[in-house]
Amino acid sequence: MVVLPLSHPMPQALTFRSFPLYSAISSNVYGRHGNGITGRKQFTVFSCANGNGQRERNLFRRREVVEHICLLKANKGLSDDKEKDMLDYLYTSQYQMRGIVAISLGQISAQADEDYTHAVFMRFQSKEILAKFYENPLYLQLMKEHVLPYCHGQINVDYESEVEDDVLHIFRKGEEYNYGVEFVLLIAFVEAAIGGPVNDALISLQELTIEHPSLILQCTQGSNFNSNSSEEYTHGVVIRFRSLDALEIFLSSSRYKDVWESKLQPIARKTLAIHFSVDPVGTEIM
């Protein structure tokens, strides 16, 4: 499957050249005795401070997180009430099970390849917490009684990544995160490209997202460590856009098309791209 850029033209006021440019270098933070501080890294961001290109040095701390993506294939003819109940149970699971740092979910917009209809994104603090989540009796009961009866297929992709060490960005809280569009890209890279070429491609994509804070709230990406799906998709990417317009502007830009056609597509044997609108789903524990 090929990710096709959307055809919407870019408004003149939002051309990419008007945004400040960033480059990033990350390094481990060490304690007084040389021991790594678990889950925290330093992240140096260089941004254009003025029209003369003078650069300011801004230091951000980074927090390691684990991202969980679940794509579902709902049964044909699923009623609106049953669909709402399924999504409500999934969304309010964060109030019943410890370890879920952030969650978003929804019906996939437009027809997706492989007939996936719904997507769930969850964030955890570590791989160990995610492993406990998979074994949690409440989660197993939720899936057995309120999800699997209404679906005929699913795939889970899990990867480690980093976000800015700020409460709002870690937990995806605040007005900015209440609405928007979640873009999920799953990629199966050819084995020969794992390593240098893949790292270079993903860094190029990450840098491009950093350049556009007016369009993008957050981007994470990483290598899929889920043993049940790692052969089908080797890597996952999740980008939270501020709006559907922001998504369309980004995907239709020449910069994105260049990164896709020159960096990602040549070394990908399979891709799956979906997006869904982010809206509050459930507010009461089911």
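At 6% relative accessibility, C70 counts as buried. Keep in mind that this is a predicted model. C151 is buried too, with a relative accessibility of 11%. So what about a bond between them? The sulfur of C70 has its closest cysteine sulfur in C151, but the gap is 8.1 Å, too far for a bond. A disulfide needs the two sulfurs within 2.5 Å. Searching the whole structure turns up zero disulfides.

Now for the helices. Here are two pairs that pack against each other:

| Helix pair | Angle | Axis distance |
|---|---|---|
| α1 (residues 80–91) and α3 (residues 137–147) | roughly 170° | within 10 Å |
| α6 (residues 196–210) and α8 (residues 254–264) | about 175° | 10 Å |

Take α1 and α3 to begin with. Their axes cross at roughly 170°, and angles over 145 degrees count as roughly antiparallel, so that is how α1 and α3 run relative to each other. On the α1 side, the contact is made by M86, Y89 and L90, while α3 brings in L142, M143, H146 and V147. By type, the contact residues come out as six nonpolar, one polar and no charged.

α1 itself has twelve residues and spans 16 Å from its first C-alpha to its last, close to the 16 Å expected at 1.5 Å a residue. Which residues of α1 are buried? They are E83, M86, L87, D88, L90 and Y91. M86 and L90 are in that buried set and also take part in the contact with α3. In an α-helix there are 3.6 residues a turn, so residues three or four places apart point the same way.

On to α6 and α8, which pack at about 175°. That angle makes α6 roughly antiparallel to α8. From α6, the contact uses D200, A201, L202, S204, L205 and L208; from α8, it uses R255, Y256, V259, K263 and L264. This contact divides into seven nonpolar, one polar and three charged residues.

D115 isn't a glycine, yet its phi is positive, near 65°. You'll find D115 in the loop between β4 (102–107) and β5 (118–124), where it is partly exposed at 48% relative accessibility. R172 also has a positive phi without being a glycine, at about 55°. R172 sits in the loop between α4 (167–171) and α5 (175–178). Is R172 buried or exposed? At 9% relative accessibility, R172 counts as buried.

Methods: Residues numbered from 1 in each chain as written. Predicted model: local features only at pLDDT ≥ 70, side-chain atom pairs only at ≥ 80, totals over all residues. Heavy atoms only, no water. Axes fitted to C-alpha atoms, helices over the stretch in contact; angles between N-to-C directions. Helix = DSSP H or I, 4+ residues; strand = E, 2+ residues; numbered from the N terminus. Parallel < 35°, antiparallel > 145°, perpendicular 65-115°, else oblique. Contact = heavy atoms within 4.5 Å. Nonpolar A, V, L, I, M, F, W, Y, C, P; charged D, E, K, R; others polar. Buried < 20%, exposed > 50% of the residue type's maximum accessible area, 1.4 Å probe, protein only. Expected span 1.5 Å × (residues − 1).
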